[in-house]
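Let's work through some aromatic contacts, one exercise at a time.

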Amino acid sequence: QVQLVESGGGLVQAGGSLRLSCAASGRTFSSYAMGWFRQAPGKEREIVAAINYSGGTTHYIDSVKGRFTITRDNAKNTVYLRMNSLTPDETAVYYCAADAAVRFVQNMCDTEIDYWGQGTQVTVSS
């Protein structure tokens, strides 16, 4: 069993930055690929970024490339999402997710996730 707890969300102006953190319980954190998803009101949940077990491979959706950075610290059982140059349409609840079975992080999808965090609200004002 893995529990995920996100933090770091909040209100930021357009063009601003936030860093989300996701702390995982349990001793097997390093055996999971990790991802950040988001869901805006009235929209489907989408993956934003993913990182493999060691942190050596990452994947981003095109709209965040160059602005968002996903990293992990296996010694601290934590995964991070640094978000720069935020835009109002990126207002959403951001979720941390753990996937034990995905082979390639670009294939991570919400139907195969083993564990979800409770989500953290990110609001970007114009």
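This is a predicted model: local features need pLDDT of at least 70, side-chain atom pairs count only at pLDDT 80 or more; totals for chains, interfaces and linings use all residues.

Residues are numbered from 1 along each chain as its sequence is written, and side-chain values use heavy atoms, with hydrogens and water left out.

**Exercise 1.** Classify the aromatic pair of F37 and W116.

*Solution.* Start with the cut-offs: Phe, Tyr and Trp rings (for Trp, the six-membered ring) pair if their centres lie within 6.5 Å, and planes under 30 degrees apart are stacked, over 60 edge-to-face, the rest tilted. The structure holds three aromatic pairs. For F37 and W116, the centres are 5.0 Å apart and the planes make 65°, which means edge-to-face. Next, sequence: F37 is in strand β4 and W116 in strand β10, 79 residues apart (strands are DSSP runs of E, at least two residues, numbered from the N terminus).

**Exercise 2.** Work out whether F37 is buried or exposed, then do W116.

*Solution.* Buried means under 20% relative accessible area, exposed over 50%, partly exposed in between (1.4 Å probe, protein chains only). F37 has 2%, so it's buried. W116 has 28%, so it's partly exposed.

**Exercise 3.** Find the geometry of the Y95 and W116 pair.

*Solution.* The centres are 6.3 Å apart and the planes at 85°, so this pair is edge-to-face. Y95 is in strand β9, 21 residues from W116. At 17%, Y95 is buried. Putting it together, ring pairs link F37, Y95 and W116 into a cluster.

Definitions and conventions. Helices (H or I, at least four residues) and strands (E, at least two) are DSSP runs, numbered from the N terminus.
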